[in-house]
Every structure is written in structure tokens, then in C-alpha cells.
Amino acid sequence: MTGGEGRKVRVRRARSTDADTEPDAAIGQLNGNADPNANTFKILIATDNHVGYMEKDPIRGNDSFEAFEEILQLAQENEVDFVLLGGDLFHDNKPSRKCLHTTMTLLRQYCLGERPCQMEFLSDQNENFPNRFATVNYQDPNFNIGMPVFSIHGNHDDPSGDGSLCALDLLSVAGLVNYFGKQVEVDDISIKPILLQKGTSKLALYGLGNVRDERLHRTFQKKKVKMYRPQEDTNEWFNLMAIHQNRIAHGPTNFIPETFLDEFLNLILWGHEHECLIEPVRNSVQDFWITQPGSSVATSLCEGEAVPKHVGLLSISGSEFKLDRIRLKKVRPFVMDEVILKEVEGLRPTDQNMVNEFLQDKVAELITIAMNEWKELNPDVPEVEWPKPLVRLKVEYGGGFTTFNPQRFGQVFVNRVANPKDILLFYRKRASTIATAKKKSELVNIEAFLPEKLENFRVEDLVTEYLNAQNLDILPENELADAVRMFVEKDDKDAIKDFVVESLKRTRVTLSARHPSAVDNDDAIKEEIEKEKKKRFEEFAAESDRRKATGGLISTSRNKASKRTSTTSNKGSNDEEDDVDRAVVIDSDDDDDAPATAASNNTKRTAKSKATTARGRGRGRGRGRVGSSSKSTRSPLTTAKVVDDQDDDGIEDIDDDIPASAKTSSTPVPTSTRKRKLPTSISTTSPAPLAKRTTTTSGKSRQSKLNFGASQQRAVVLDDDDDMTFSNFRDSIGAGARRDRR
């Protein structure tokens with residue numbers, strides 16, 4: 001089997017497969033090689049590890065750590081070339097120190113070692129890893145990596161805050177994980193692959209970290225997502241992509257259709273969806289395969305999480321691949337069932353004790369099923385070490401039955417299940433009538449919920465519209481709307497609390513300053529409060545209008561304007577960074593959280609210090625990202641020409657002058673002159689190169705490497721789908737001198 005035929009072999013096999021053929025036969029068996037490992041990539045794939053989930057729970061606190069350790073153990077036992085993670089390695093955007101320490105301990109224990117990595121790295125590492133070191137960890141002389149880990153970020157552990165960093169950046173700079181797929185501009189995405197070669201097999205690994213689904217959907221529709229391909233031997237590369245987005249449609253634009261992805265891809269590792277659908281499924285339109293490993297730990301008690309957990313052992317040889325499922329045995333057992341009380345024979349709605357006993361027997365039966373399954377998977381584990389199972393019983397209580405306290409019900413099973421407080425889930429099916437449907441259709445404004453209409457709505461507008469219909473006595477509606485927007489869009493968890501506390505404080509101060517005779521009864525107090533509220537409302541509205549007219553920032557009452565007096569001293573710069581979190585960017589629908597840096601001229605700061613901000617969000621949603629670029633060097637802000645910004649993304653459009661160095665580079669120059677000006681805290685200017693480490697030949701090298709042939713020295717040129725030449729993907733090995741000269 002050779003890779004010379006490229007995708008034709010895979011397409012011909014797929015079209016000749018009937019419905020009764022086994023999946024492995026449709027994918028293609030790996031055979032015919034005397035030493036199949038010499039030309040075969042062995043990759044362990046997993047997604048959504050959610051390390052740190054419920055780490056403070058006395059029963060389930062170690063579930064995510066044990067599952068992640070089992071994955072690393074399986075990778076080590078199968079001697080894989082590398083581990084590929086599809087996002088959401090961590091459950092929280094800011095994992096605890098215990099979580100980080102445990103994760104780093106496991107990575108060091110299983111990934112470091114003397115075993116050589118038999119892969120050639122052919123692409124330009126400055127493009128794949130745009131950080132200060134720009135080196136894949138298994139080629140870094142400071143580390144001894146035996147099993148590399150490659151990972152993209154998900155919606156739980158996405159970049160946020162100053163510098164647009166995430167927990168994966170910490171693992172990357174520590175040399176434990178190769179973090180890729182981070183985008184600088186979420187409105188103009190360029191995906192450049194990691195090019196690897198093992199023997200005669202060539203692998204192009206693409207990665208796209210999570211971006212807010214609605215925004216990425218819009219970027220795809222605007223054809224602003226560009227994927228690069230190797231120009232040399234284009235059809236001989238196996239194209240593997242890792243993505244972390246909604247696969248199931250939850251609305252018109254909050255998912256990514258499979259047809260959005262390019263048809264030249266061979267296999268897609270889809271993260272974010274927790275249901276285990278690891279068997280590859282062929283998309284007949286785009287002619288590629290999709291595998292969805294699902295999560296390794298149950299983060300919710302639903303049907304998708306109850307599916308047995310698996311990871312995949314992916315073997316790639318030439319243009320063919322094979323995926324073997326591996327069951328995770330140490331995952332806490334989870335069983336789920338449903339009962340409809342009115343269909344149970346002999347069960348009377350008026351006899352609550354009978355209903356209670358019936359449900360207890362049903363739960364006990366589910367516990368037995370879960371423990372029998374665990375015993376089959378772990379026959380050598382003594383019974384005293386068996387974990388308590390997760391049990392969820394959905395109860396439909398229509399037909400005259402009533403609900404009762406599920407927590408009190410769970411007290412019977414405190415020592416037998418891991419979730420005694422939420423074993424039962426009561427629900428009732430409600431049949432919708434035609435009259436009700438007509439009434440709802442008359443009340444709902446359908447046009448307001450069309451995708452093109454939703455793009456014009458902002459959170460503060462919806463909140464303000466709702467609050468205007470309420471009767472607030474103390475809190476100004478416009479300031480409360482702004483605090484809610486800060487809480488939702490900027491992840492300012494204390495915005496609402498600080499606003500309420502400050503409002504009450506100001507009201508108390510106002511009442512205390514009045515003469516006692518002026519507030520001697522309830523009506524007088526209400527009148528004074530109403531005056532203070534009206535005054536604050538008008539002040540905030542006037543300030544907002546003034547700031548919008550000047551194109552600056554809305555300075556809320558919570559800002560400390562007195563600190564923003566110096567932009568030349570270190571103190572002034574630090575004060576501005578402390579206060580900019582309380583600023584609201586005008587006309588910004590971007591969700592990123594990078595603080596603005598003080599401009600050189602204080603009178604022009606409001607026009608030049610706009611910044612986008614990022615944050616991590618809860619499960620099931622995506623965000624825009626910003627990151628650092630690798631090579632391109634921008635002129636200072638004073639050389640950028642500000643043009644009219646017609647969009648509403650809060651980022652100034654600038655007319656970029658192409659540097660002279662870029663004109664001589666072989667990197668394709670974008671045809672559009674309208675570019676996004678990034679915040680200075682995440683400037684695309686590459687950091688100063690590190691001093692080159694001087695090594696001697698007398699000492700023994702700590703890094704185990706193989707001696708590769710001359711093919712390693714030739715550059716691999718990439719081009720995109722529009723036949724634009726991209727020549728900056730070079731071989732990273734032996735290219736240290738070229739990077740130093742840059």
C-alpha cells in the first residue's frame with residue numbers, strides 16, 4: 001500500500017462499500033507491510049476531558065483526573081506516536097492550582113521519557129506555534145519527550161484576559177503540551193497545518209480552536225476562513241483536522257454545518273459534543289469521514305453522557321486509516337432509565353407510599369445493572385474499591401400522579417450512589433393544542449428572531465427594553481443594563497454586585513445629607529430617592545451620549561477616572577490597566593477580554609485604545625479568540641491610518657501599509673487593505689528572539705532523536721485553496737539558524 005494514489009484510493013473504497021460492510025472494511029485495513037509501524041502513524045484521539053470537573057466533591061472529585069490518567073496510560077501502552085486532544089482539556093477557564101498541578105504531574109509522568117519520536121516535523125514552527133520559543137516540544141533540547149501531546153482549546157478553556165492566554169499556554173510554555181489552532185483574528189481565519197512525516201506516510205494536521213458558533217458561522221458564510229495545503233505532493237498528504245464546535249443545530253447559526261469544511265479533508269476529529277459516536281461516519285457531500293469520541297467524564301446527567309466512554313487508536317498509513325475503539329474502564333458507571341407512572345399496572349396515584357416503593361425498587365435495579373457492568377470491565381478490582389454509580393431515573397407523572405421531594409427520596413441511597421440528591425427527574429408531557437399554537441404565533445414577532453435580525457440586537461438593548469417596563473425605585477435602569485452587559489459579555493462577575501452596592505451607598509449618603517425634616521416620613525424618603533435616581537439616570541445617559549459622539553469609551557460611575565492622569569510613567573500605565581476592566585467598548589460585539597494599553601498622547605487615548613476582550617464561557621457555547629502572530633511586524637500605531645469603521649465589532653479598521661520586508665517575503669500578501677488593528681497587549685509583533693543556546697559535543701544529549709535523511713532539509717511550500725503560494729512552511733529541524741536571523 002502506497003500513498004501515491006492520494007485520496008483516490010479512499011474515495012474508491014468508500015463508493016464500493018454497501019450498507020452491510022463493516023466500518024473497518026469501508027475504511028481500509030492496514031496490511032502488506034513487513035514493518036507496518038515504520039510507515040504508520042499511531043495516534044490516540046480523545047476530546048472533552050474536562051479535567052477539574054467537580055474537583056471539590058468528596059465522591060466525584062477525582063473522576064476527571066482518573067479518566068485522564070487512564071487515557072495517558074492507554075497511549076503509553078499502545079506506544080503511540082502522539083496524543084491528539086480535541087479541546088476542553090480543562091473544565092474551567094481558570095483551573096485551580098490543584099487541577100493544574102495534578103495535570104502537569106500526569107503529563108510529566110507519562111509523556112517524558114527516553115523513547116525517540118519517529119516523526120519528522122516539516123512545517124515552519126513559527127507558523128504552527130506562534131510563541132516565544134516556536135518549537136515543538138519533542139525537538140526542544142531542554143526536554144526529553146517520549147510521547148508528544150497536541151491539543152486545541154475548547155469553549156471551557158479558551159484564551160481570555162490580558163494577553164489572551166489560557167491554561168494550555170501554561171502547559172505549552174512548560175514544554176508539556178503542543179498547543180495549536182489558536183487564531184489571531186476570528187473574522188479572518190487562516191488555518192495552516194502541522195506537517196509530519198513518518199516513513200512514506202505524510203500527515204497534515206489542521207486545528208481550529210473554539211470560536212463562538214454564531215461568529216464562526218458568519219465568518220464561514222463570508223468566505224473568510226482559509227485553509228492552506230502543501231504545494232509539493234499535494235495529493236499524497238493525509239489531511240486530519242481537529243475542531244471544537246457545535247455539531248448539532250441548536251438554532252439557525254449556533255452550529256457549524258459539516259458542509260462548511262473543505263472537501264480535501266480526509267478525517268475530522270469533532271470535539272465539544274459529549275455523546276460518544278466514535279465510529280467514523282462518512283459525509284457523502286464533502287466525501288470525508290467524521291469521528292466524535294465524546295467526553296471522558298460525565299458532566300451532566302443526560303442520555304448522551306450515559307453512552308459508554310471510548311477513546312480511539314487511529315492508524316494512518318499513506319491515504320488509508322483505521323480507527324480502533326478503546327473502552328475506558330475506570331470511568332464511573334452511569335445508568336439512566338425512564339418510567340411513565342400512569343402506564344405501570346396496579347399503581348394508584350392516591351397511594352404515595354406505593355409510588356415511592358416502586359421508584360426505590362427501580363433505582364435499586366439500576367444500581368445492580370451498573371455494578372454488574374463495572375465488574376465485567378474490572379474483574380480484578382476488589383468490591384470494596386468499586387465506585388458508587390451515577391443513577392438518573394426520569395419519571396413522567398401525568399395522569400393524576402404528583403411529585404415529591406427528590407432529595408428526601410435520595411437519602412435512602414446515600415451510601416449506594418454518587419448523586420443521591422438528583423436521582424429522580426420529574427417531568428410531565430404537555431400536549432399543545434391548535435388554539436394555543438395560534439395564540440403563540442400571534443404574540444411572537446418572528447422577524448425579530450431571524451438570523452439577520454439577531455445580529456443587530458445587543459444584550460444591553462434587550463435588558464434596557466425589559467427594565468423600562470419594570471418599576472425600579474432605587475436602581476437606574478440604564479446603569480443596571482450596563483452592569484448586566486458587563487456581566488454577560490465581559491465576564492465581570494462582580495459588575496452587578498458592585499453596581500447594587502454602590503447605588504445603595506450613594507442613596508444612603510444622599511438621604512443622610514438631607515435635613516431630618518425633609519425625610520420624616522415614607523413619602524418624603526421615596527421622593528428623595530426618586531430624585532437621586534433620576535439625577536443618576538440623566539448623568540449616565542448624558543455621559544453615554546457624549547462618549548458615543550466622540551467615539552470614546554463609556555466611563556461608568558464605577559470607573560476611577562482620577563487614576564487616568566498619566567500615560568508616560570509606569571504608575572500611570574498600571575493605573576490604566578487596573579481601570580480599563582470597568583470600561584465598555586462602544587459598538588463592540590466582540591467577546592474578548594484583552595486590556596487596552598495607554599496611548600502616548602493622553603488626549604487621543606479614547607480614539608486609539610479600543611481593545612477587544614475575551615473570556616471563557618460555560619459549556620455548549622463558543623467565543624471569538626485572539627492570539628499572537630508569528631512573524632509579521634506591524635508599524636507603531638502612529639503609522640496606521642484610521643478609516644471609517646462601518647461594522648459593529650468594536651475594532652478599528654485600519655489601512656495597513658505593507659512593510660518592505662513583507663514585500664520580499666514569499667508569504668502571500670492579503671489582497672484586501674482593510675485589516676483588523678489588534679490590541680497592543682496582543683500585538684502581532686514577534687518578541688525578541690532568545691539567545692541561541694551554545695552546546696558542546698562533549699556532553700551527552702538529553703534528547704533522543706533519530707537520524708533522518710536529506711529529505712528533512714528541503715522546504716515544504718504550502719498554498720491555499722485559491723492557489724496562493726505559501727512558502728513559509730519550512731522544515732523546523734535544521735532551520736534554527738534561519739529563525740535566529742529573523
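I started with His-50, which sits in the loop between β1 (41-46) and α3 (63-77); helices (H or I, at least four residues) and strands (E, at least two) are DSSP runs, numbered from the N terminus. This is a predicted model, where local features need pLDDT of at least 70, side-chain atom pairs count only at pLDDT 80 or more, and totals for chains, interfaces and linings use all residues. Residues are numbered from 1 along each chain as its sequence is written, and side-chain values use heavy atoms, with hydrogens and water left out.

Is His-50 buried or exposed? I found it buried, because its relative accessible area is 0% (buried is under 20%, exposed over 50%, partly exposed in between; 1.4 Å probe, protein chains only).

Next I checked contacts, meaning heavy atoms within 4.5 Å. Leaving aside neighbours within four places in sequence, His-50 touches residues including Asp-88, His-91, His-156 and His-274. The side chains of His-50 and His-91 are joined by a polar contact of 3.0 Å (a pair of N or O atoms within 3.5 Å; within protein, one must be able to donate a hydrogen and the other to accept it, and residues adjacent in sequence count only if both atoms are side-chain atoms).

Then I moved to β8 (residues 201-208), where 8 of its 8 residues are buried. I noted Ser-201, Leu-203, Leu-205 and Gly-207 pointing one way, and Lys-202, Ala-204, Tyr-206 and Leu-208 the other.

For pairing, DSSP must find at least two bridges between two strands. β7 (residues 194-198) runs antiparallel to β8 over 5 bridges, whereas β10 (residues 237-244) pairs with β8 in the parallel sense over 7 bridges.
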